Amino acid sequence: MKKTITLFTCCLVLLSGVSAGAATKNPAPVNKYRYAQKQASYYTKSTSKYYRTIWHNSRKAWNKSKAFKWSTTKNKKSRSYATTVSRTTGVWTNATGMAYNGKGFDSRGNQTGAGMYLNRAILKKYQYNKKQRTNVAIHEMGHALGLSHNNAGSVSVMNPANRRYALRSCDIKGAKKVYSTPAATRATLASAAKPMLTVDHIHDYSNNIYGVEQLKHDAGTIVEGTITQSVAHHTAPQNYYTTQTIKVSDRFKGTKHQTMTFTQGGTPQMAVANSEVLHPGEDVVVMLAKHPSGQYYVINDGQGMFIDTHTSNGNELFEHVSDHGIYTEDMLH
């Protein structure tokens, strides 16, 4: 199976903020994504007045810059949207926000949709005030319109360690650079029309590993394949876990077996009702460990399990069974 989405897991050291410094002169870096014009509309999925205000203030900041114009739409099917989640596990572990570029593309490769997320749980946990949460929203909108992270230490809303900075001139220059070339002349963009997920974490991966990166680090074996047999065991505590047999199609780490049998957890903390999630014919990526007895099991009480659920723009997407986050093969090895 050919997977084309690339994950850029970007990390923020946001607990302590960033020390003040001289203004940053270089434009914030650009990524491969842009709308056809320097404007786009999005649907606000957030239902709380508090977070709708945050997205509203973020939009006003970008519009005031005149580098890009965001507007809202009442179309619930809009491919561009702003929303919030409240999650603390999987890819969302210590993640303050996320941007999902390339939710759709036109014939020239210009994106027609991007998702922008704030994580209420982590913003509340680390006591972000309303202004700081707005800065994170501006940051995610910056990713969505075509900006990457600025350099560490930069005075920029796109600083990967930003908590305190609002939109600055370097960010405005970066956005203007994205749209300095007419869309019609960007023929090379069509070949790069692949969705991209950017997850902003509160801790730096140079010091700590979180979410899917931790799972990949801990797994002794990572394989992709098709489930050929699923056996539920109802004789707990002898065996709490559904036993799965997989026909391996790709090996990313560890074993060279053509077929493997594994259980869906490694400790007696998961009941049978919670482990019957795979069925014959399903394509999955699993991250496994091995008991001294030789039995393979999905690591971290089943969190190392990802199901091939659907396709988007020709790309097959895997859903994390524990938090329903979306990944691809490239993200999982």
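**Loops, a helix pair and buried sites**

Colleague: Between which two helices does the loop holding Gln127 run?
Modeller: Do keep in mind that this is a predicted model. One of the two helices is H2, residues 120–125. Gln127 sits in the loop that leads from H2 to H3.

Colleague: Is Gln127 buried or exposed?
Modeller: A residue counts as exposed over 50% relative accessible area. The relative accessible area of Gln127 is 66%, so Gln127 is exposed.

Colleague: What is the phi of Gln127, roughly?
Modeller: Most residues other than glycine have a negative phi. Gln127 is not a glycine, yet its phi is positive, near 55 degrees.

Colleague: Thanks! Lys66 has a positive phi as well; where does Lys66 lie?
Modeller: The phi of Lys66 is near 65 degrees. Lys66 counts as exposed, at 67% relative accessibility. Its place is the loop between H1 and strand S3 (69–72).

Colleague: Happy to move on to the helices: at what angle do the axes of H1 and H3 cross?
Modeller: Two packed helices are described by the angle between their axes and the distance between the axes. For H1 (residues 49–65) and H3 (residues 130–145), the axes come within 8 Å. Their crossing angle is roughly 55 degrees.

Colleague: Which word describes H1 relative to H3 at that angle?
Modeller: Under 35 degrees would count as roughly parallel, and 65 to 115 as roughly perpendicular. The crossing of H1 and H3 is at roughly 55 degrees. That makes H1, relative to H3, oblique.

Colleague: Is the crossing of H1 and H3 left-handed or right-handed?
Modeller: The near helix of a right-handed crossing is turned clockwise from the far one by less than a right angle. For H1 and H3, the crossing is right-handed.

Colleague: How many nonpolar residues take part in the contact of H1 with H3?
Modeller: H1 brings residues including Tyr50, Ile54, Trp55 and Trp62, while H3 brings Ala137, Ile138, Met141 and Leu145 among others. By class, the contact of H1 with H3 has three charged residues, five polar ones and, for the nonpolar class, 10.

Colleague: Which strand holds Thr245?
Modeller: Thr245 is buried, with a relative accessible area of 16%. Not counting residues up to four places away in sequence, Thr245 touches Thr226, Ile227, Thr228, Gln229, Met260 and Thr261. Its own strand, residues 243–253, is S9.

Colleague: And how far apart in space are Ala95 and Ala121?
Modeller: Ala95 lies in strand S5, residues 95–105, and is buried, with a relative accessible area of 0%. Ala121 is 26 residues away from Ala95 in sequence. From C-alpha to C-alpha, the two are apart by 9.1 Å.

Colleague: Stepping back, what percentage of the residues of the protein count as buried?
Modeller: The protein has seven helices and 15 strands. It exposes about 15200 Å², with 49% of that supplied by carbon and sulfur atoms. Of its 333 residues, the share that counts as buried is 52%.

Methods:
Residues are numbered from 1 along each chain as its sequence is written. This is a predicted model: local features need pLDDT of at least 70, side-chain atom pairs count only at pLDDT 80 or more; totals for chains, interfaces and linings use all residues. Side-chain values use heavy atoms; hydrogens and water are left out. Axes are lines fitted to C-alpha atoms, for helices over the stretch in contact, and angles run from 0 to 180 degrees between N-to-C directions. Helices (H or I, at least four residues) and strands (E, at least two) are DSSP runs, numbered from the N terminus. Angles under 35 degrees count as roughly parallel, over 145 as roughly antiparallel, 65 to 115 as roughly perpendicular and the rest as oblique. Contact means heavy atoms within 4.5 Å. Ala, Val, Leu, Ile, Met, Phe, Trp, Tyr, Cys and Pro count as nonpolar, Asp, Glu, Lys and Arg as charged, and the others, Gly among them, as polar. Buried means under 20% relative accessible area, exposed over 50%, partly exposed in between (1.4 Å probe, protein chains only). Accessible areas come from the Shrake-Rupley method with a 1.4 Å probe; for residues, only the protein chains shown count as cover.
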